[in-house]
Amino acid sequence: MAEIETKTGLNIRTAKKEDVSLVLEFVKSIAEFEKLSHLVKATEKSLAESMFGEKAYAEVFFAELDGVPAGFTVFFHNFSTFVGRQGLYIEDIFVKPEFRGKGIGKAMFLHCVKLAKERNCGRMEWTVLDWNPAREFYEYFGAGPVDGWHIYRMGSDKFESALEK
């Protein structure tokens with residue numbers, strides 16, 4: 001994924017291993033925004049291994065405004081048996097508060113759409129907290145919640161007890 005100048009002063013670039021501390025900074029920023037800082041367990045080491053290691057499980061890109069990191073997006077590929085193709089799942093898309101309202105979120109979101117199209121993905125998915133005003137932003141582009149589906153999650157702290165059942 002090459003660097004892309006999306007509009008004057010706004011550049012979207014792929015993260016490199018040397019950016020791992022910046023990735024963690026953004027992870028902590030989005031956790032604070034979502035009032036979930038207490039759940040962050042990621043470290044520079046765990047992110048480096050998972051995003052830039054021998055087997056990368058996620059990809060990251062930054063949006064920079066006039067050379068200053070303003071936002072980041074973390075995504076990975078999932079798979080739909082119904083569609084029969086890979087999908088693009090956005091784990092995080094975040095713009096620092098002081099940079100909001102400048103089209104950065106739109107540029108990052110549309111960059112994901114472009115990647116999904118280029119990679120022949122069958123769909124793109126993400127989750128949004130029910131209180132997050134970004135829901136209106138996504139609905140503007142034609143996305144919406146999936147009726148009848150709920151996200152379930154099991155943390156690693158439950159793996160052992162599940163295996164014992």
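**View 1. Burial and overall architecture of the predicted chain.** In this predicted model, 33% of the 165 residues of the chain count as buried. The accessible surface comes to about 11000 Å², and carbon and sulfur atoms contribute 53% of this area. Five helices and six strands make up the secondary structure of the chain, arranged along the sequence as β-β-α-α-β-β-β-α-β-α-α. With a radius of gyration of 17 Å, close to the 15 Å that the globule rule gives for 165 residues, the chain is as compact as a globular protein of that length. The C-alpha trace spans about 55 × 35 × 35 Å along its principal axes. Of the contacts between residues at least 6 apart in sequence, 57% join residues at least 24 apart.

View 2. Helix α1 comprises the 14 residues 20-33. The buried residues of α1 are Val 20, Leu 22, Val 23, Leu 24, Phe 26, Val 27, Ile 30 and Ala 31. These buried residues pack against β2 (10-14), α2 (44-52), β3 (59-65), β4 (68-80) and β5 (85-95).

**View 3. Charged groups over aromatic rings.** The ring of Phe 33 carries the charged end of Arg 100 over it, 4.7 Å from the ring centre. Just after α1, Lys 35 adopts a positive phi of about 60 degrees. Lys 35 also lies over the face of Trp 131, at 4.6 Å from the ring centre.

**View 4. The pair formed by Phe 109 and Phe 141.** The whole structure contains 14 aromatic pairs. One of them joins Phe 109 and Phe 141 in a tilted arrangement, with 5.3 Å from centre to centre and 40 degrees between the planes. Because Phe 109 lies in helix α3 (residues 104-118) and Phe 141 in the loop between α4 (134-140) and α5 (159-163), the pair ties together parts that are 32 residues apart in sequence. Phe 109 counts as buried at 4% relative accessibility, whereas Phe 141 is partly exposed, with a relative accessible area of 29%.

View 5. Phe 137 and Tyr 138 form an edge-to-face aromatic pair, with centres 5.3 Å apart and 70 degrees between the planes. Phe 137 is partly exposed, with a relative accessible area of 28%, while Tyr 138 counts as buried at 8% relative accessibility. One aromatic cluster is formed by Phe 109, Trp 126, Phe 137, Tyr 138, Tyr 140 and Phe 141.

Technical notes. Residues are numbered from 1 along each chain as its sequence is written. This is a predicted model: local features need pLDDT of at least 70, side-chain atom pairs count only at pLDDT 80 or more; totals for chains, interfaces and linings use all residues. Side-chain values use heavy atoms; hydrogens and water are left out. Helices (H or I, at least four residues) and strands (E, at least two) are DSSP runs, numbered from the N terminus. The expected span of a helix is 1.5 Å times one less than its number of residues. Buried means under 20% relative accessible area, exposed over 50%, partly exposed in between (1.4 Å probe, protein chains only). Contact means heavy atoms within 4.5 Å. Rings of Phe, Tyr and Trp (its six-membered ring) pair if their centres lie within 6.5 Å; planes under 30 degrees apart count as stacked, over 60 as edge-to-face and the rest as tilted. A charge sits over a ring if NZ of Lys or CZ of Arg is within 6 Å of the ring centre and within 35 degrees of the ring normal. The radius of gyration is taken over C-alpha atoms; the globule rule is 2.2 Å times the number of residues to the power 0.38. Accessible areas come from the Shrake-Rupley method with a 1.4 Å probe; for residues, only the protein chains shown count as cover.
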